[in-house]
Amino acid sequence: MRGGRSNGCRTCKQRRIKCDERTPVCVQCEKSKRHCTGPDSPFRYQYGSTEQHIRLLRALQTVSPNEEYDGAMFPSSHSSGGASQQIKGVVVQGTLGSSGPSVPASVPLSQGARLAAALAAALDWPSEFGARLQQLGPHYRHLPCRLGHSKALDAAVNCVLTSYTLVSRGQQHRESVELASYGKAIKALREELSSVDQPTATTSETLCAALIIAQYELLKPGQTKFSYVTLAGGVSAIFQSGGPGRIQSDFEIAIFSSQYPTIITQALLRGQECFLSSPDWTAVMRRGDPSEDPIITDNWVTITQLPGLLRRLRSITTTTITTITPTTDNSQCVSQLLCDTSSPLYPSILRDAYALRRDIVKHNDDITRRLSHPGVYHVCPAVYKGPIPPQPWTPSSKLESLTPKRIVKQSAMYHAWVITANVVLSRILMPVENAALTLQTAQSAQYIMSTLDFVSNETKPFGGMYMTYAGPLAYGVLEKRPADRQLLLDKLNDLFRPFGLQFDHARMMTVFEAVTGGSPLSSRRGDVFTKSPGPGPGQGSELTSSSSSPSSSTSDSTSNANANGNRVGDGR
């Protein structure tokens with residue numbers, strides 16, 4: 001006879017040993033100094049089949065709302081939204097199909113189960129490419145079965161769902177409700193973080209809650225400090241202190257992979273080595289999340305070498321000032337970074353720069369082959385590489401229709417990395433200009449520019465976050481094309497207006513210089529990632545800086561993250 005369901009932790013189950021079911025850390029995990037995950041949520045077993053899941057979602061429409069979740073995914077009967085406020089993708093009927101059983105008036109559900117059902121509905125919602133919740137990271141697909149065990153994670157998910165529902169539908173923020181939900185999430189996160197003696201003892205659920213709250217900074221209404229870098233930096237610091245051995249489960253790998261942009265970008269902006277460049281960490285990265293594209297994963301592994309390369313490059317770089325006197329009476333001073341070719345470090349730096357570029361551009365044929373997909377012609381004909389006219393293509397499902405859009409987006413990231421590697425190598429070779437590098441860099445910038453209509457039409461509001469990196473890289477190499485630069489700025493400002501962010505020349509050039517061998521942010525002062533006060537409803541907020549010069553724009557939040565590595569609280 002089959003026994004009842006075990007409440008043992010997943011770590012012991014994976015090790016095939018008996019768990020004493022003690023919480024929050026079982027005896028076996030305590031003795032072996034392993035991370036104790038706790039038991040699985042009963043939600044994944046109780047509502048395992050598709051039919052049971054649909055019946056649960058329909059039944060949720062009749063459940064009286066809990067005040068804590070009112071305004072998120074569980075509207076009250078007197079809500080003014082009517083049918084439009086129901087859980088996305090769920091139709092309320094009396095029966096499940098023509099011959100299905102009747103749906104009960106209510107079901108006894110815990111808050112965690114109700115929230116898990118709402119999250120599952122949001123993930124299953126057949127929304128457009130840019131509005132899909134999965135755009136915020138691969139960790140979201142692991143969450144429904146993990147809700148109900150961590151107050152911080154539950155509060156963080158509810159917080160995101162509240163704003164996600166409004167933003168994805170283009171509705172106005174409900175500021176009082178959203179900020180109240182945010183305050184509860186922050187309080188719960190602080191309580192869980194303060195309950196552990198060491199950051200390495202932080203549970204995966206608490207780590208994920210911190211990451212979700214960091215992402216919520218993109219959605220949060222109001223005139224507040226943009227602290228995504230600070231909050232996500234705390235998650236990265238906990239991963240670093242725990243070491244590669246900390247990352248075991250698929251859930252932890254998903255959280256970790258969503259942090260690649262944050263970890264690498266912070267190292268670039270601060271002019272520091274990236275801890276992910278060590279062999280142990282790159283081995284974890286290569287294990288990868290199953291949902292991640294292997295070319296993208298391989299390029300992330302390659303880019304981990306960039307911060308250390310730039311750190312060595314800056315150590316042998318000097319700035320020269322050249323005065324240019326044109327035919328008019330006005331003279332112009334131009335600064336130029338030149339490497340000391342006599343330095344003993346120069347040969348190794350040049351070798352590593354060539355190796356970095358080689359490991360990126362080796363994927364060029366695969367990227368071109370993907371762009372020959374007939375669906376690419378329909379979503380972004382300007383970058384299509386296949387035969388004309390293209391073969392007929394009719395997607396068999398909603399998910400299949402997303403394939404060409406993913407190809408265009410991932411190819412844009414590839415070209416941004418090509419620009420990065422080429423500009424770094426060009427800096428090392430200066431004052432000699434390499435015509436082949438210049439041509440390839442221009443072609444990659446043109447690819448990014450050719451996708452701007454796709455970005456505006458297909459990636460709003462969440463799918464265009466990659467443009468915070470690709471945009472500045474293209475902008476930096478378009479200095480002789482001011483019209484294209486202005487077009488790029490206009491498109492980015494329109495794309496990120498829902499998040500209260502505005503791009504200008506100073507911020508674009510600050511990022512470009514920092515990631516291609518210019519001055520790192522740690523050597524400058526100012527505040528790039530701040531929402532300035534005063535925007536009206538629906539208007540963007542300007543990013544303030546201490547000067548219009550790229551060399552004087554920076555982010556206080558990055559230095560704050562430096563000082564508080566264990567504190568928790570933009571990518572793919």
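## Ground rules

Contact here means heavy atoms within 4.5 Å. Helices (H or I, at least four residues) and strands (E, at least two) are DSSP runs, numbered from the N terminus. What you have above is a predicted model, where local features need pLDDT of at least 70 and side-chain atom pairs count only at pLDDT 80 or more, while totals for chains, interfaces and linings use all residues. Residues are numbered from 1 along each chain as its sequence is written, and side-chain values use heavy atoms, with hydrogens and water left out.

## The chain overall

The chain has 25 helices and two strands. Of its 572 residues, 53% count as buried, meaning under 20% relative accessible area (1.4 Å probe, protein chains only; over 50% is exposed, and in between is partly exposed).

## Helix 24 and its partners

Start with helix 22 (residues 467-476), which packs on helix 24 with the axes 8 Å apart and an angle of about 90°. Axes are lines fitted to C-alpha atoms, for helices over the stretch in contact, and angles run from 0 to 180 degrees between N-to-C directions. The two helices are therefore roughly perpendicular, the label for 65 to 115 degrees (under 35 is roughly parallel, over 145 roughly antiparallel, the rest oblique). On the helix 22 side you'll find Tyr469, Gly471, Pro472, Leu473, Tyr475 and Gly476, meeting His505, Met508, Met509, Val511, Phe512 and Val515 of helix 24. By class, that's nine nonpolar, three polar and no charged residues. Ala, Val, Leu, Ile, Met, Phe, Trp, Tyr, Cys and Pro count as nonpolar, Asp, Glu, Lys and Arg as charged, and the others, Gly among them, as polar.

Now for helix 23 (residues 482-495): its axis comes within 11 Å of that of helix 24 (residues 505-515), crossing at roughly 100°. That makes this pair roughly perpendicular. Helix 23 brings Arg485, Leu488, Leu489 and Leu492 to the contact, and helix 24 brings His505, Met508 and Met509. The tally is five nonpolar, one polar and one charged.

## Two buried spots

Alanine 113 sits in helix 5 (residues 111-124) and counts as buried because its relative accessibility is 10%. Leucine 147 is 34 residues away from alanine 113 in sequence, yet their C-alpha atoms are 7.2 Å apart.

Threonine 297 belongs to helix 13 (residues 294-303). With 8% relative accessibility, threonine 297 counts as buried too. Setting aside neighbours within four places in sequence, threonine 297 is in contact with Met285 and Glu292.
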